[in-house]
Amino acid sequence: MMKQLSPMRRGLVVAGPALIAAGAALLLGPGTGNWGFLRDLPQATYYLSFSFVRMIVAYALSLGFSLVYGYFAATNRGAERVLIPILDILQSVPILGFFPVAIAVFISIPYIGINLASIFLIFTSMAWNMVFGVYESLKSIPGDLREASDSFGVRGWQRLRQVLIPATINRLVYNSVLSWTGGWFFLVAAEFIASSRSTVALPGIGSYLLYAAGAGNGSALVAGLIVLIALITVLDLAVWRPLGRWAEKYRYDTTPSGDADAANAPARRVTAPLRRAVAGLARRVRTGFITASTPLVSLGTFALGRGTTRRRSFAALAGRYLALGSILIFSWYLLITAGVAIYSIYIHPIGAFALAQIRMIPYDLASSIGRLIAAYTLSLVIAFPLAYFLTHRPRAARIGLPLVEIVASVPATAIFPLIVFVVVLDIGRQATSVILLSTGMIWYLFFNLLSGMRSIPPDLDEAARSFGVKGGPYYRKVLLPAVFPAFITGSITALGGGWNTLIVAEYLSVSKTVQMPTGPVTTTHVVYQVPGIGQLIQAGFAENSAAVYVAALLALVVAVVVVNELLWKPLYRRAIEKYKYD
Amino acid sequence: MRNNDGDTMTLIEVQDIKKDYPSHHGTISIINGVSFDVADNDFVAIIGPSGCGKSTMLRIIQGLERPTSGEVRFRGKPVLSTCNEMAMVFQSFALLPWLTIKENVAFGLVARGWTPEKINAQVDRYISVTGLVGFEEAYPRELSGGMRQRVGLARALAVEPAVLLMDEPFSALDALTAEGLREEVLQLWRDPDLPPEAVALVTHNIEEALLMADKIVVLSHRPSRVLAVVPVTLPRPRDRKSDAFYELTDYLYSLITEGAPGPGPAGKALPEGTATPAAGAGPVAPADDPPPTPDASG
């Protein structure tokens, strides 16, 4: 029943990293003596091992946490009402911004303090998603299985072992894939941020890549990317795919056996842990957005209008948002004035420069949002046609999809040094930052659009063909509405990823004295930055300006929560209401 | 039917059960004062139109759900929580997909704290009784619908319940498989060495009720009341082509349709029974299993 990977696909999965590596080597070839990176592989592996250990520790913590938190949220009504909205806020705020706080908390412990901070950050990037997995699978245990357990008097340890824990396994495995993908991203980003202060050192693959790029050591850069991609690919093949196959046992079977579709479906899904994982992400948005109601949502409903009164004029809508925006900006200034006053009096007087920086925060926020919109547009322009192509050309998809999956599994942050310091600085900082941002956003859009397009019921397509609906009307009446919910989910998750990516996409710096792993001591002054809220957060941290950092972080968090609650949630609910199939 | 003539001790007394559910507009009454008895050695069928609360009734009998008012008594004692002396067979089978057939059959025994040796012996016994030998280590998804329901039956019989509760046990199966399994359940029921002492079967299939039960409780449309309690004294094995069978079918059919406004689904269930009894009497072929028919009755 379980279909194995075809030899071609398997070959491709193995050959993929090699191809990418060869491509990178070719790209950097002239400067580095072609195969020089081979020499750097051992060193890169050494640094990678630090990162890997941090990932494993953070994952173990997340697993334990998610089981406990998810269990309580799912089984205790009172706890659920508190725990789920908390989780929804936690998953939507850009946790990367809090890394400096974590450093400040843990730094007093020598050597392992910074590691603990990094593990804590990775934990926060992994845990929420897994908690949602546990919570949702416990909530969605079929009623008849619950009744059967009650009917046969199954409770306590047996219930936990035979009913509850098995029920969580399937989603937990796929959400773990997602957690690891996110974890790599934050691991590398954390090492970047730590590197921006020369007093803090977080050895690992991220700092290795950053130093290599800063020192212009192309072969070390290639070696670092190769070992990282190799590890991710090996984990995928040796851990996640077998685990995914094993987890199929823990799926509920709704279709009777012997059904050809049912027999093929698991195999198809097993071969794509990442794609499956994104479905988990979509569910998580759904849970967060539908279950977790905060007072702000009602404000959002007020602004956008209720689902039932759809025909609201654009002008009226814009007017409402404008009014809401003005109120928010006004309250921001009120808040910041009070905050600065209190901070100056009770903690530390704020210097004129820092004060000027704090005043400029709305401007920084605006330019960051502009950058996000640009990167989002860029991602959409690439992701939509790509998803469409891979949906409608099955033969191209057989080769193209595994390739895309490999590329997508590389943490976006890991290629930042390459892009920033080696390839693209020529095209200008603004353009570079938009490209960086879109690498952190595009896959959310792509995989959601892909699954949306693939899940269009075939009979809907057939009906369109049978009535001769094609071309423009087909797109307007069939494709776009059918894909709309997936598109909204993809947009929400992409923007969520984007807020986090902002922090490292607007500021990258290599400390002044660089000890290259394989070379002599070199001195470089490499700081890449573009004005924005992410840059302000990092600069505040790097320049040890706590007031600026706190204000910028606060502004970012408020902006994210406001955009989520006032724009995405109402929009999402309407999309779900109007365009779902059933 | 077992031959303990004269012994008619009452096992279950259902006394004036009412059940309301909260809804958008106040409460909806599902069951409105249902009473009947299940005696020792009774095979009782509960029939009624779809949505009349038959399945809810069964859950109230075991104590899985509490009635809004009224009382269920088992051997004279009120049922206040899940009753361990009863076991349920579910329409959807309700097997745990990650447990093997053996583990599924042992499900209730583990809960009752039996020792592993006793569990093993018991499981082996009921696996062989229900014709599942050779499938012990298989998983439910690897079996056909008919075989899965045998597992459901084995799991329920293994705890040796005094009363076996069956909630539309054959309606997720295709007509032939259902016919065969019905026959086997009747054979098991006739065996004096095997539990249970009584069976309560919920079904919307009049013919099924007439083929199996000694007593048929006919419920009305929602909110349900008891329209009639019809004793079935036809000789076994029952011949569905006999005039008496026809008459009873007609009688029950008119009872249900006239008691309920609009056409009920019970009428549609009739053609299903038109297969000759001989055709479905043999062992069930595991392969031919159409998708379970959706059934909204509850």
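A polar contact is taken here as a pair of N or O atoms within 3.5 Å, where within protein one atom must be able to donate a hydrogen and the other to accept it, and where residues adjacent in sequence count only if both atoms are side-chain atoms. The model is a predicted one, in which local features need pLDDT of at least 70 and side-chain atom pairs count only at pLDDT 80 or more, while totals for chains, interfaces and linings use all residues. Residues are numbered from 1 along each chain as its sequence is written, chains are lettered from A and ligands numbered from 1 in the order in which they are written, and side-chain values use heavy atoms, with hydrogens and water left out.

In chain A, the side chain of Ser51(A) reaches the backbone nitrogen of Ile205(A) at 2.9 Å. Ser51(A) lies in helix α2 (residues 37-75), helices (H or I, at least four residues) and strands (E, at least two) being DSSP runs numbered from the N terminus. Ser51(A) is buried, with a relative accessible area of 0%, where buried means under 20% relative accessible area, exposed over 50% and partly exposed in between (1.4 Å probe, protein chains only). Not counting residues up to four places away in sequence, Ser51(A) touches Trp184(A), Leu187(A), Glu191(A), Gly204(A) and Ile205(A), a contact being heavy atoms within 4.5 Å.

Trp184(A) is also listed, with Phe99(A), Ile12(B) and Ile216(B), as having the most contacts inside the largest nonpolar core, which has 242 residues; such a core is a set of buried Ala, Val, Leu, Ile, Met, Phe, Trp, Tyr and Cys residues joined through side-chain atoms within 4.5 Å. Helix α7 (residues 156-195) of chain A gives the most to this core, with 18 residues. For Ile216(B), the contacts beyond four places in sequence include Ala45(B), Ile47(B) and Leu252(B).

In chain B, six of the six residues of strand β8 (residues 198-203) are buried, with Ala198(B), Ala200(B) and Val202(B) on one side and Val199(B), Leu201(B) and Thr203(B) on the other. Strand β3 (residues 43-47) of chain B runs parallel to β8(B) and is joined to it by five bridges, pairing requiring that DSSP finds at least two bridges between two strands; Phe43(B) has Val199(B) as its bridge partner. Strand β7 (residues 163-167) of chain B likewise pairs with β8(B) in the parallel sense over five bridges, and Asp167(B) is partnered by Val202(B).
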